[in-house]
Amino acid sequence: MNLLSTSRLLLLVGVLYWTAAEAAKKKKGESSRSSSRKKYDRSQPPDNENSTVVEVSIFVNRITQVDEKNMAFTVDMNFRQTWFDPRLQFTPTPGRKDEMKLLDESTQKNVWKPDTYFRNLIGVKTYNEPTSQKLLRLYNNGRLWSAQRMEATFHCAMGFERFPFDYQMCPINIESFANTMDTFGLMWTPTLAKPVQLSETVRVPNFVIAATLLIDCTKNYTVGTASYPCLRVEFLFDRDLALYIKDFYIPQILLVVVSFISFFIKMDAILARMTLLIVTSVTMVAHAVFSTFRLSLPSVPYYTALDIWSTVCFAFIFLTIIEFALVAGFSRKKPAVHCENNSNSLAMDHENSYVFQGESTKRRSYSIGQNDKTSQAGRRIDMVSRVFFPLAFIGYNIIYWIFFLLIGQPTY
């Protein structure tokens with residue numbers, strides 16, 4: 001009986017000891033986690049001794065607009081960043097090498113994140129529906145991966161001297177707002193073949209995305225003795241000429257050619273030639289001034305390639321009008337003088353006007369026919385114009401298109 005009581009007593013003591021040990025262990029774990037939380041300061045970088053490397057990548061879903069008038073472009077993109085924070089390491093579940101946790105919004109506020117921003121940002125639209133499209137992942141080795149989808153509008157300094165043969169270099173500048181290179185540095189994700197990727201469905205109205213250039217602009221962004229981390233991606237937008245040729249150049253070429261038809265109309269048909277030239281000149285001015293392509297550009301103090309083309313085409317039509325004025329002057333009826341030796345009398349001429357007729361007096365009248373020399377000069381001007389004007393216009397086209405298509409184009 002005493003042996004049984006002693007066994008029960010020892011068992012009870014063992015249970016109490018095990019319970020106390022587990023409680024102490026649990027309390028110690030909670031105390032250590034609480035201590036680690038108290039030590040974590042989200043205002044301090046992960047490594048106070050060395051600069052934290054932040055890797056950046058961008059996935060472009062679509063480029064919705066390139067706005068020449070406001071010098072801006074809008075990009076729908078996923079902006080991604082990744083960095084290491086050793087303070088957030090945790091023991092993975094047995095059998096899982098790379099365990100990942102999704103941090104909720106309340107936890108994200110308590111984690112250190114790089115203060116990257118877009119220096120040339122004009123406005124941004126974030127997506128919150130139907131679910132928040134912003135996440136932060138934490139891996140067991142302390143690596144954090146941040147991603148956010150946004151539709152952002154960026155400023156792009158554009159030049160239109162060669163419009164519509166121009167190309168535009170539009171950047172996205174990614175920089176640190178307050179931290180210098182001593183705190184953290186930016187770099188394009190080296191594990192990706194293309195840190196800036198474009199969706200296969202990306203299309204830009206009136207442009208072709210010819211290239212994307214990745215630039216480390218840290219050395220160009222230094223204030224005093226401090227350097228701020230900076231990355232830049234430049235999109236090379238090459239303008240598509242198909243729309244401009246179809247809606248602008250071909251109509252104006254046809255207007256100039258139509259004005260040349262006046263050289264083949266007889267000199268007598270002054271009204272027909274005048275009507276043709278007036279219609280072509282007015283149509284040319286209206287088409288050049290009120291073109292939608294011109295209205296889509298900002299007001300610039302210089303001539304664009306489109307302005308040069310319109311000005312020269314109108315000059316051809318204006319010179320055609322000058323040629324018409326010369327020919328019309330040569331084709332006018334010239335006055336002829338007739339001498340008559342009739343006695344003094346009053347007579348009525350063929351125009352029903354009375355003239356005094358006396359001896360050795362002269363009666364003026366207009367001859368019905370044209371002067372042969374002046375008529376020949378008018379015909380000669382028309383014949384020369386039929387050859388000179390078309391050849392000059394063809395030569396101008398050759399020089400214009402070779403210069404703007406082959407000279408000054410980007411190499412990439």
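Strands β1 (residues 52-67) and β2 (residues 72-84) run antiparallel and are joined by eleven bridges, where strands are DSSP runs of E of at least two residues, numbered from the N terminus, and two strands pair if DSSP finds at least two bridges between them. In this pairing, Ile-58 stands opposite Phe-79 in β2. The model is a predicted one, in which local features need pLDDT of at least 70 and side-chain atom pairs count only at pLDDT 80 or more, while totals for chains, interfaces and linings use all residues. Residues are numbered from 1 along each chain as its sequence is written, and side-chain values use heavy atoms, with hydrogens and water left out.

The hairpin of β1 and β2 has four residues between the strands, and Met-71 there takes a positive phi near 50°. Met-71 counts as partly exposed because its relative accessibility is 22%; buried means under 20% relative accessible area, exposed over 50%, and partly exposed in between (1.4 Å probe, protein chains only). On its other pairing, β2 meets strand β7 (residues 143-155) in the antiparallel sense over 13 bridges, with Gln-81 opposite Ser-146 in β7. Strand β2 is mostly covered, as eleven of its 13 residues are buried.

Two further backbone features deserve a look. Phe-163 and Pro-164 are joined by a cis peptide bond with omega of about 5°, and Pro-164 sits in the loop between β7 and β8 (167-176). Asn-206, in the loop between β10 (196-198) and β11 (207-216), has a positive phi near 70° although it is not a glycine.

Leaving aside residues up to four places away in sequence, the contacts of Trp-309 include Phe-248, Tyr-249, Phe-393 and Tyr-400, contact meaning heavy atoms within 4.5 Å.

At the surface, Val-285, Val-289, Phe-290, Phe-314, Phe-318, Leu-319, Ile-322, Leu-326 and Phe-330 form a nonpolar patch with about 810 Å² of accessible area together. Areas come from the Shrake-Rupley method with a 1.4 Å probe, and for residues only the protein chains shown count as cover. Patch residues have over 30% relative accessible area and no salt bridge, with nonpolar side chains (Val, Leu, Ile, Met, Phe, Trp, Tyr) joined within 5 Å and like charges within 9 Å; a salt bridge is a side-chain nitrogen of Lys or Arg within 4 Å of a carboxyl oxygen of Asp or Glu. Helix α6 gives the most, with six residues.
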